[in-house]
Amino acid sequence: EHKHREVIELAQMHLNELPDSQDTFEWWILLQLFKYESHFALGESESALEIALRISSCLNPDSDISDFIKARAYIAIGNQQLQHTEHEQGITNLNIALSLINEIDHARQCSVIYFALGNYYKTNVDFNKAIENYRKVGEISKKTNNTVFLAHSHVYIGMAESDLGNNEEAFYHYHTAINLYEETKSERDLATVYNNLANVYKSLADYENALEYFGKGLELSIKYNKENTLAIIYINMGAIQLTLQENQSALEYFQQSLAINERLGNSILIAHSNVCIGSSFSRMLEFEKAEEYFEKGIDIFKRLNEKYEEMSSYVNLAEHYFQKNEYEKTIDVLNTALVFFNDNEIGVKRSEILHLLAKAHYKKEQTSTAAEHSIKLLEEALALAEERQLKDQVSDILDSISEIYSHIPDWEKAFHYSRKHQLMKSEIHGASVRKQAEMFNWNRKMAEKEKEYLIEKAKTQEQRKLLNNILPSEIAERILTGETTIADEDQSVTVFFSDIVGF
């Protein structure tokens, strides 16, 4: 982070001194790119966007600058356009960049382009195209012996496979990435892959492994000040706390994530944090506050045209309406989301939606016909959840089936499903998991305090160095200990005054 800050300051210093002429245009572009790439690496989205727009306003295909720098400029512009809804123009600009460079001499830049395209397709739920672009990065990295970028490609493929519900594939790619990062001693990059791996364990309701890897990711994120990853870990940890019904603790995690994302200007994660805060308030029966945060988050997703995230947020909103006993609203919102996830064949979300839809239908009518319809939906949801080994969802669905059978009443089936639910629940949410979650919270707080202490220590050392250069050491120490008015009394003194002429 310190080096990126230095790059930004140096680039700005040179920009201030640079004459405004056509002869210096290439230097102006290059210095802007240094600033852009540093802000981008730090996750400072708003600053990166501002610079990309500045470059875009001055650049055209006929600009008299080298192809390499021109390509880097088009990468910056295209990347930002893809992130801010100008998708068609973004893809065009990234393809212009590709036409100006080649995969061997400019492997890094080509990889950045394929990552950007992969992320765009992943966001638009075209996971196969996303994986295709991530694989291109892997191919380039193998040709150029770039082990770190090869590891990056495995991480991104793992994320896409995880979204598709292909957990075995996701595990393979994440563990491959871990081995490659360890081989190259890229400890800083391990934070992200640990978080992603923990997320897969979380979806499988293996909370012990999830908490272990979140803990590893947290430690490295704090060590290397990876605030973007830290914010994501806080969201995921908050989700675990919600599952454990620790609503206040979940809220604290989500609020911490929101604070980081607002500082970084990360719009998508700001939206995520808002939706999660909404879910926490809803669980705490503070419905007015919940709807305020749901609205904020969903509005951002709509503005960014993040359809997958918007539809996922509708599931959270539907849970909120269900909590309020507003079953008609619950069904309407879920049907909208279900069309999207059916069209895109995303079974993980379909299972969740069908489960809640079944509960809402039965609660709304509470007739034998409604019960039959709901049980059919629940059986479909159960099959999808079992296929993907989503233990938490399986446990909750079993409980819902048992509840409906107890109302029909069919006591034998009710008891059968209730027993299966209880066995699975005790397996998932055992005492060791709660203890581990508590330890995670404690370790997080200790790590944050240690970071604050180290920052204060560094500041004090800088102040001591500065003060010792201009004051006697005993006076400097008194200032550092907090003394504000320093006045000593001496009975016998000599005062010497001198004036240096012209100084």
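Which side chain meets E187 in a salt bridge? The partner is K223, with 2.9 Å from N to O. The model is a predicted one. The pair links distant parts of the chain. E187 sits in helix α10 (residues 187-203) and K223 in helix α11 (residues 207-223), 36 residues apart. E187 has a relative accessible area of 30%, so it counts as partly exposed. K223 reaches 55% and is therefore exposed.

Helix α11 also holds a local pair. K216 and E212 join their side chains in a salt bridge, at 3.7 Å from N to O. They are four residues apart in α11, so about one helical turn separates them. An α-helix has 3.6 residues a turn, so residues three or four places apart point the same way. K216 is partly exposed, because its relative accessibility is 31%. E212 is partly exposed too, at 37%. Elsewhere, salt bridges with shared partners join E291, K324, E326 and K329 into one network.

The structure holds 16 salt bridges. One of them pairs R5 with E44, and their closest N and O atoms are 2.5 Å apart. R5 belongs to helix α1 (residues 2-17), while E44 lies in the loop between α2 (25-41) and α3 (45-58), so the bridge ties together parts that are 39 residues apart in sequence. R5 is partly exposed at 29% relative accessibility. E44 is at 14%, and buried means under 20%, so E44 counts as buried.

Now turn to helix α5. It runs over residues 87-100, which makes 14 residues. At 1.5 Å a residue, the helix should span 20 Å. Its end C-alpha atoms are 20 Å apart, so expectation and model agree. Which residues of α5 are buried? They are H87, G90, I91, N93, L94 and A97. These residues cover an arc of only 165° around the axis, so they lie on the same side of α5. On the other side of α5, E88 and S99 are exposed. The cover over the buried residues includes α4 (67-83) and α6 (107-123).

How many disulfides does the structure hold? The number is zero. A disulfide is a covalent bond between the sulfur atoms of two cysteines. C58 is partly exposed, because its relative accessibility is 36%. C110 is at 1%, so it counts as buried.

Terms used:
Residues numbered from 1 in each chain as written. Predicted model: local features only at pLDDT ≥ 70, side-chain atom pairs only at ≥ 80, totals over all residues. Heavy atoms only, no water. Disulfide = S-S within 2.5 Å. Buried < 20%, exposed > 50% of the residue type's maximum accessible area, 1.4 Å probe, protein only. Helix = DSSP H or I, 4+ residues; strand = E, 2+ residues; numbered from the N terminus. Expected span 1.5 Å × (residues − 1). Arc of directions from axis to C-beta. Contact = heavy atoms within 4.5 Å. Salt bridge = Lys/Arg side-chain N within 4 Å of Asp/Glu carboxyl O.
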